[in-house]
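Subject: Structure handover and findings

Hello,

Here is the structure I promised to pass on. Please load it first, then read my notes below.

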Amino acid sequence: MGKTVIVSCKTLENELTEAVKECGCDYEIHWIESGLHNYPAKLNQVLQETFDSIEGAERILLAMGYCGNSIENVRTGDFTLIIPRVDDCISFLLGSCKNRIEISRAYGTYFLTEGWLKGERNIWKEYEYSIQKYGEKTGNEIFKMMLGNYRTLALLDTGCYSMEKAGAEAERIAEALKLEYRVLPATLDYIKKLLTGPWTEEEFLIVQPRSMVQGADLTLPV
């Protein structure tokens with residue numbers, strides 16, 4: 001088998017590092033800053049630049065989701081690109097889009113992980129910025145409207161970080177945002193499938209060498 005390279009969202013650093021260890025992989029990893037998810041066009045550009053910079057790869061495994069279709073129109077070189085069929089990293093860690101939808105419907109859930117908490121741009125940092133810029137009353141009113149469809153803030157237990165430390169921070173955020181706090185189990189199974197295969201059509205989008213990701217390709221199994 002030729003050279004395999006991983007390109008991953010930094011939000012998944014804890015989980016991917018553990019999965020690589022458990023699977024015994026020694027693949028080269030290129031990290032994409034998590035804050036780029038707020039800017040799909042910029043993320044698209046950075047992904048393309050990252051792919052173009054990788055030399056000698058036969059296969060690139062993309063450890064992230066479609067993320068606002070930010071991978072649309074990305075071009076492959078002399079490598080096959082393998083992408084999980086998930087909307088974002090949360091569905092990746094919950095095992096499927098279906099699991100994420102079911103949990104969201106049941107609890108009205110906003111999800112987070114330690115990787116999310118460490119991210120340079122996330123909803124908590126946006127909340128703090130709003131309070132600082134507009135004052136506590138107006139800032140809270142803004143976020144009450146933004147989070148109107150959510151009832152729960154859930155920390156995913158991926159088994160890859162201290163739940164005591166992350167949980168204390170998540171509880172503080174839930175209290176400030178007036179959401180119920182929950183801990184939900186997550187899994188590394190989908191990440192391990194990405195690392196080792198088999199790459200079924202239902203779970204992965206396979207982009208052939210010298211081709212482009214089309215919008216019509218970005219379907220989700222729900």
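Helix α9 (residues 189-196) lies across β1, β3, β4 and β8. It runs at about 170° to β3. Angles here run from 0 to 180 degrees between N-to-C directions, and axes are lines fitted to C-alpha atoms, for helices over the stretch in contact. Contact means heavy atoms within 4.5 Å. Helices (H or I, at least four residues) and strands (E, at least two) are DSSP runs, numbered from the N terminus.

The model is predicted: local features need pLDDT of at least 70, side-chain atom pairs count only at pLDDT 80 or more, and totals for chains, interfaces and linings use all residues. Residues are numbered from 1 along each chain as its sequence is written, and side-chain values use heavy atoms, with hydrogens and water left out.

**The five-stranded sheet**

The sheet is open, with five strands in the order β2-β1-β3-β4-β8 and mixed pairing. Two strands pair if DSSP finds at least two bridges between them. β2 and β8 (204-207) are the edge strands; each has a single partner strand, so one side of each has no neighbour in the sheet. On average, neighbouring strands are turned by 20° against each other, direction ignored.

The pairs run as follows:
- β1 and β3 are parallel, over five bridges. V7 stands opposite L62 in β3.
- β3 and β4 are parallel, over three bridges. R59 has T80 in β4 as its bridge partner.
- β4 and β8 are antiparallel, over four bridges. L81 has V207 in β8 as its bridge partner.

Buried means under 20% relative accessible area, exposed over 50%, and partly exposed in between (1.4 Å probe, protein chains only). Both faces of β4 are covered. T80, I82 and P84 are on one side, L81 and I83 on the other.

**Helix α2**

α2 (residues 40-53) has 14 residues. From first C-alpha to last it reaches 20 Å, close to the 20 Å expected at 1.5 Å a residue. The expected span is 1.5 Å times one less than the number of residues. Its buried residues are L43, V46, L47, Q48, T50 and F51. They pack against β1 (4-9), β2 (28-32), β3 (59-63) and β4 (80-84).

L36 belongs to the loop between β2 and α2. It counts as buried, at a relative accessible area of 15%. The C-alpha atoms of L36 and C9 are separated by 9.2 Å, while the two residues are 27 apart along the chain.

**The three-stranded sheet**

A further open sheet has three strands in the order β5-β6-β7, with parallel pairing. β5 (109-112) and β7 (180-185) stand at the edges with a single partner strand each, so one side of each lacks a neighbour in the sheet. The twist averages 30° from one strand to the next.

β6 (residues 152-157) pairs with β7 in the parallel sense over six bridges. L156 stands opposite L184 in β7. Helix α8 (residues 163-177) packs on this sheet and touches β5, β6 and β7. Its direction makes about 170° with that of β6. Helix α4 (residues 97-107) also lies across β5, β6 and β7, at about 125° to β5.

T109 is in β5. Its relative accessibility is 4%, so T109 counts as buried. Leaving aside neighbours within four places in sequence, T109 is in contact with I103, S104, Y150, T152 and A154.

**The α6/α7 pair**

How do α6 (residues 123-134) and α7 (residues 136-146) pack, and at what angle? The angle is about 145°, with the axes 7 Å apart. The crossing is right-handed. A crossing is left-handed if the near helix is turned anticlockwise from the far one by less than a right angle, and right-handed if clockwise.

From α6, the residues involved are I123, E126, Y127, S130, I131 and Y134. They meet E136, T138, G139, N140, I142 and F143 in α7. By class, this contact has six nonpolar, four polar and two charged residues. Ala, Val, Leu, Ile, Met, Phe, Trp, Tyr, Cys and Pro count as nonpolar; Asp, Glu, Lys and Arg as charged; the others, Gly among them, as polar.

Best wishes
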